[in-house]
Amino acid sequence: MLQIALWKRMAIVALVLSGLALALPNAFYSRVEGHNDAVRAIETGGVTPELVAQRDAWPGWLPSGLVNLGLDLRGGAHLLAEVRVEDVYANRMDGMWPELRDALRDKRAQVGTIRRQDAPPGELRVRISRPEAMTTAVEAARALARPSVTLTGVGGSDIEVRSLGDTLIVQLSEAEKLATDDRTIQQSLEIVRRRVDEVGTREPTIQRQGADRILIQVPGIGSAEELKALIGTTARLTFNPVVSRTTNPDEAPGAGNVLLPDIEADGTYYILEKAAVVSGEDLTDAQPAFDQNGQPSVTFRFDPAGARKFGQYTVENVGQPFAIVLDDEVISAPVIREPILGGSGQITGNFTVEDSTQLAVLLRAGALPAEMIFLEERTIGPELGADSIAAGQVASIVAFVGVLVFMWASYGLFGLFANIALLINVGMIFGLLSAIGATLTLPGIAGIVLTIGMAVDANVLVFERIREELKSARGPARAIELGYQKALSAILDANITTFITAAILFMLGSGPVRGFAVTLGLGIITSVFTAIFVTRLMIVTWLDRRRPKTISL
Amino acid sequence: MRLKLVPQETNWDFFRAARLTFGASLVAMVASLLAFAVLGLNFGIDFRGGTTIRTESTQAVDVGAYRDALVALELGDVTITEVFDPGFGPEKNVAQVRIQAQDGQESVTPETIAAVESALQQVAPDITFPSVESVGPKVSGELIRTAVLAVALAIFAVLVYIWLRFEWQFSVGAVAALIHDVTLTVGVFALFQIKFDLAIIAALLTIVGYSLNDTVVVFDRVRENLRRYKKMDMKEVLNLSINETLSRTMMTSMTTLLALIALFVLGGDVIRGFVFAMIWGVVVGTYSSVFVASNILLILGVKRDWSADGDGGAGTQFAKVDS
C-alpha cells in the first residue's frame, strides 16, 4: 500500500507537470493574448514586423491556451434573441402564390376565375368562381407539393391543401414547419455570425439555445444597443413591382399586394405586389460607393439566376416603376428606362457614408430569414469587469494565505504537504480550464475560492484518520497506510455527491452560473486527485527518506 | 504545539438536548417559511423581469434626487439603492437603479434607457453607467422554473445516491438536512430582503453540496462503527461517530469559512450576496449534519446486521469501494 510503483509515481508527476504547464500562460495573460492574436493575424493577413515581435514575445513551443474571461469580467454585451420562425411561413406562402396562380389558370376551364383572399399569416387562400370544381383545384395545388426534407429523412409533403366552401386553403405541413424552423435558426445563426465577424471582435459566442433562440455574447463591444443595431436589422432587400402610388396610408392595397411607406418622403406610400421579383438572397456582392452626383450609394451584383430574373423582368416592364424595398420601407422607386441585363445595379437614397457602409455590410452578410425579438440584454462596462477581477484576485490571495497558515498551524509538516498540494490543485484547475477552453466568470472565481477552502477537506479527512490510527497503531507507516485506506470511502462519497450538484448546475445553469459549476466540478476532480495521489506521494517519499520512529500530527 | 479547534478526544453527548435542537430547527424552518410567505423574496431581474442600471459618479448619491428625476418618465416601479463597498473610496459613488418590466415589451427599448440616462445626467453630470441589464418577463419566468427544478433535481439525485450507498434511513436524514439548510437560507434572504437572483441559486446548490459533504462524512463513520460495534446502542454509535469526526468537521468548516470571509470582505459588491448565502449555508450545513441528519437517523433507527464482507443486504452492494 505504501509502496507506490515507479510508473505510478511518474504518471502522477507527469500529470501534475502537464497541468501546471497548461496553466502557465495565464500567468502572462496579456503577453500570451498578444501572441495568439498575432499568430491569427499572420495566418489570415500578412507579416508585419510588429506582429512578428508580438508573436515572438511568447515562445511558440509553450502551451498558449488561455482561460477565456466571461463577459462579467471582460466587459461586453450579451443578448438572448428569439427568432420569429413564423415569419418564414408567411414568406414561403407569398412566394408560392405566382406558382399556384399559374397552376390554377391552366385549369381555368374547370375552376373558373380565381382571386386571392386575405388570410391569416402563413396561409394562402384562393377563391374560385366554380366551387363544384374544387376537387380539381385541390389536385392542382397538391401537384405543387414537394417532399419535406427533415433531419430524420424525407417526410411527407411540404404543404397541406384543404378547401372551405369556395375557398382553397394552402399552408405548410407540420413536418415542413419543423424542418423550416430548424433551417431558419441555422441560417439566422450563420448570418449573425457573419455580421459580428464583419465588425471583427474577439471570440464572440454565438449559439443556439433551445428550439428558437440564439445567444450572442460579444466581448469588448460598447453596449448591447450597438450589438442590437448590428444584428437586429433584418436587412431584407427586395425588388417589387409597383402597382400604384398614394398619399393615403389607409388605402386598401388589395389581395396579394401590400402598402409600404417611403423611407424619406413622409406621406408617400406605394402599393406593391407582395411577391418580389428578386431579393437580397440573389445578391453576390454589395459595396459602398458614390453615384454620379457624388452621393453615397451602394452598388450590388446579382448571381446568374438573379441576373436572369431581373433582366427578364426589366425587358418586359420598360417604362414601369419598380420599388427597392429594405425592411418594409421603400428606399426608392425608379422607372425602368431600359432593360438591365448586366446583373448589377446601384441603390441611391438619402444615405450618409455610414449608412451606405452599414447597408453594404448587411447586404453582403445576407438578410435574416426572420425577425428577432430580444428577450434579455446585458451590457457590462470593461471597468466594472476589471474591478471584479482585481477584487477577486485580492480575495483569492488572502483566502489562500489564510488557509495555508491555518493548515500549517494545525498539522505542521503534513500541513505543509497539504499546502503544496493545494497550490498544485489551483494550478491544475487553471490548466484544465485553459485546456477545455472554459470561460471564467465572477461566480467562477468564487468557485475557485470555495475550492481553496474545500480542497483541503480530503487531506483533513486523511490526516484526522491518521491521528486516530496513531493512537492504536503499530508505528507511523502503518498508521498512514490505514489512514489513507479508511478515509477513502468518506472522501469518495463526499465528493461524488458534491459533484452531482455541480453537474446539475452545469446542465441547467447558464452564463455565469455555468462558469461557477465548471470551476466547482473541476475543483472537485483536481482536489481528490491531489489529496489521494499527490499528497500521498509526498508523504511516502518523506517516509522512505527519513524513516521516522514517530510522527507528530 | 498544534492549533486545535476541538480537543483531541471529545465525548460530548450530542443528543442530550435533542428535543431542544430539533425543536429549534423546526421553529427556524417555520419562521423561514413565514418570512417567505409574509415578506416575500426580493427577486432580482433574473426572476422578475425588468432592467437594472448601475451608475457611478464622483458626487455622493442622492437617492431622492435620482427618484425625482425618474418619476417624470412614468416607468412604474423604480427602486434606487446606493451600493457600498470598502474598496470604493470617496470619489466613487455607486447606485443601482431597478426599473420594472414595461408592459408589452420583452426587453427594454433603447429609448427608455436613453431617457433614464439623460434624466440622471441632469442630476449628476459626470455619471457613468458601468452596466445595464434587462431581462424580459418571458425569460424570467423560465429562469425561475429552471431554478426550482435544479434545486429539486439536486436533492432528488442525492437522495438516490445515498440510498444506493447507505440505507434509506440515511437518505431521509441527509435530505431532511438539505431541506433544512435550503429553507433557512431562503428565510434569511426573505428576512433581510437581500437581492435574490440567479447566482443565489448557484449558492443554494453549493450549500446543498457542502452540507451533504459534511453529512456523508458523519454517515460514513456511522456505517463503519455500526459494523464494528454490533451490540452498541444506536445513540452511542451516533455519538461516537460524531465525536470522532468532529475535529475534521470543524477544520473543514473553518478553512471554507476563512476563504469565504476573505471573498465577502474583499471580493467586491457584485458577488457579496452570493458569498453571504454560502457563508450562511456553511454554518447551517455544519449544524444540520450533526443536529438534523443524525437526529433523524436516531428516530428512524437502522438495520443493525451490517457485515463488512457483505451479505448482499440492501445498500451494501454498492459500497464495496472502501473494502
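**Chain B, question by question**

In this predicted model, domain 1 of chain B and domain 2 of chain B have C-alpha centres 37 Å apart.

Reader: What makes up the contact between those two domains?

Author: Domain 1 of chain B puts in 8 residues, and domain 2 of chain B also puts in 8 residues. As for the bounds, domain 1 covers 17–42 + 140–300, while domain 2 covers 50–135.

Reader: Let's go to one residue. Why is Thr286(B) called buried?

Author: Buried means under 20% relative accessible area. Thr286(B) comes out at 12%, so the value falls under the cut-off and Thr286(B) counts as buried.

Reader: Where does Thr286(B) sit, and in which helix?

Author: Look in helix α9 of chain B, which runs over residues 272–300.

Reader: What makes the pair Thr286(B) and Ser253(B) a polar contact?

Author: The distance is part of it: N or O atoms have to be within 3.5 Å. The side chains of Thr286(B) and Ser253(B) are joined at 3.0 Å, so the pair meets that limit.

Reader: Which other residues touch Thr286(B), neighbours within four places in sequence aside?

Author: Besides Ser253(B), there are Tyr210(B), Asp214(B) and Thr249(B). They count as contacts because heavy atoms come within 4.5 Å.

Reader: Now Met254(B). Why is Met254(B) called partly exposed?

Author: That label is for values between the two limits, under 20% for buried and over 50% for exposed. Met254(B) has a relative accessible area of 31%, so it lands in between and is called partly exposed. You'll find Met254(B) in helix α8 of chain B, residues 234–266.

Reader: Which residues is Met254(B) in contact with, leaving aside neighbours within four places in sequence?

Author: Two of them: Phe406(A) and Leu5(B). Phe406(A) belongs to chain A and Leu5(B) to chain B.

Reader: How far apart are Met254(B) and Val27(B), in sequence and in space?

Author: They are 227 residues apart along the sequence, and 27 Å apart in space going C-alpha to C-alpha.

Reader: And chain B as a whole, how many helices and strands does it have?

Author: Chain B has 9 helices and 6 strands. Of its 323 residues, 55% are buried. Among contacts with a separation of 6 or more, 80% link residues 24 or more positions apart.

Reader: What about the charged side chains of chain B?

Author: Count 25 positive and 32 negative, with the centres of the two sets 13 Å apart.

Conventions:
Residues are numbered from 1 along each chain as its sequence is written. Chains are lettered from A and ligands numbered from 1 in the order in which they are written. This is a predicted model: local features need pLDDT of at least 70, side-chain atom pairs count only at pLDDT 80 or more; totals for chains, interfaces and linings use all residues. Side-chain values use heavy atoms; hydrogens and water are left out. Helices (H or I, at least four residues) and strands (E, at least two) are DSSP runs, numbered from the N terminus. Buried means under 20% relative accessible area, exposed over 50%, partly exposed in between (1.4 Å probe, protein chains only). Lys and Arg count as positive and Asp and Glu as negative; His and the chain ends are not counted. The place of a charge is taken as NZ of Lys, CZ of Arg, CG of Asp or CD of Glu. A polar contact is a pair of N or O atoms within 3.5 Å; within protein, one must be able to donate a hydrogen and the other to accept it, and residues adjacent in sequence count only if both atoms are side-chain atoms. Domain bounds come from an automatic or database domain assignment.
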